[in-house]
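Have the structure open as you read.

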Amino acid sequence: MHFDDSSGEPLFRQVANQLGEAIVAGTYREGDQVPSTTEISTAYRINPATVLKGMNLLVEQGLLEKRRGLGMFVTAGAQRRAKDARREAFLAESVPRFIDEAKRLGIAADELAAIITKGYRS
């Protein structure tokens, strides 16, 4: 994990995003325990309350569950839910910006489709 306090993105969101990405990538699988608040805060010199706030975002999203006295664990179906959420965000946010930029640059739809198809093949 890498945290950048000068990025403009709050650290708690960076914690949530990076743990969420690790779940999507399969680094943490269903039932796995994620690093504790203390482990993350000590390793990266982040306030434990900040780390906890990020982890609680993932609890609210149903990706992590708290087990009293044991820690935080990846929930069943978390990887699928995380991928679905990222897919929806990508389609709703990134793709429209991508298309708008292609239009501004004069790239025709068929040319853009060919570029995307070529990218999938390589």
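In this predicted model, helix 2 (residues 37–44) and helix 3 (residues 48–60) have axes that come within 9 Å and cross at roughly 125°. That angle makes helix 2 oblique to helix 3, since anything over 145 degrees would be needed for roughly antiparallel and 65 to 115 for roughly perpendicular. As for handedness, helix 2 and helix 3 cross in a right-handed way.

Who does the touching? On the helix 2 side, the contact comes from Thr37, Ile40 and Ser41, and helix 3 answers with Pro48, Val51, Leu52 and Met55. Sort the residues in this contact of helix 2 with helix 3 by class and you get five nonpolar, two polar and no charged ones.

Helix 3 also packs against helix 1, with the axes 7 Å apart and an angle of about 50°. Helix 1 and helix 3 are therefore oblique to each other, and their crossing is right-handed. From helix 1, the residues involved are Leu11, Phe12, Arg13, Val15, Ala16, Leu19 and Gly20, and they meet Thr50, Val51, Lys53, Gly54, Met55, Leu57 and Leu58 of helix 3. By class, the contact of helix 1 with helix 3 holds nine nonpolar, three polar and two charged residues.

| Helix pair | Axis distance | Angle |
|---|---|---|
| Helix 2 and helix 3 | within 9 Å | roughly 125° |
| Helix 1 and helix 3 | 7 Å | about 50° |

Now for single residues. Is glutamine 14 buried or exposed? Glutamine 14 sits in helix 1 (residues 11–25), and it counts as buried because its relative accessibility is 5%, with the cut-off for buried being under 20%. The side chain of glutamine 14 has a polar contact of 3.2 Å with the side chain of serine 7. Leaving aside residues up to four places away in sequence, glutamine 14 touches His2, Phe3, Asp4, Ser7 and Glu9.

Over in the loop between helix 2 and helix 3 you'll find arginine 45. What stands out in its backbone is a positive phi of about 55°, although arginine 45 is not a glycine. Most residues other than glycine have a negative phi. Arginine 45 is also exposed, because its relative accessible area is 79%, and exposed starts at over 50%.

Note on methods: Residues are numbered from 1 along each chain as its sequence is written. This is a predicted model: local features need pLDDT of at least 70, side-chain atom pairs count only at pLDDT 80 or more; totals for chains, interfaces and linings use all residues. Side-chain values use heavy atoms; hydrogens and water are left out. Axes are lines fitted to C-alpha atoms, for helices over the stretch in contact, and angles run from 0 to 180 degrees between N-to-C directions. Helices (H or I, at least four residues) and strands (E, at least two) are DSSP runs, numbered from the N terminus. Angles under 35 degrees count as roughly parallel, over 145 as roughly antiparallel, 65 to 115 as roughly perpendicular and the rest as oblique. A crossing is left-handed if the near helix is turned anticlockwise from the far one by less than a right angle, and right-handed if clockwise. Contact means heavy atoms within 4.5 Å. Ala, Val, Leu, Ile, Met, Phe, Trp, Tyr, Cys and Pro count as nonpolar, Asp, Glu, Lys and Arg as charged, and the others, Gly among them, as polar. Buried means under 20% relative accessible area, exposed over 50%, partly exposed in between (1.4 Å probe, protein chains only). A polar contact is a pair of N or O atoms within 3.5 Å; within protein, one must be able to donate a hydrogen and the other to accept it, and residues adjacent in sequence count only if both atoms are side-chain atoms.
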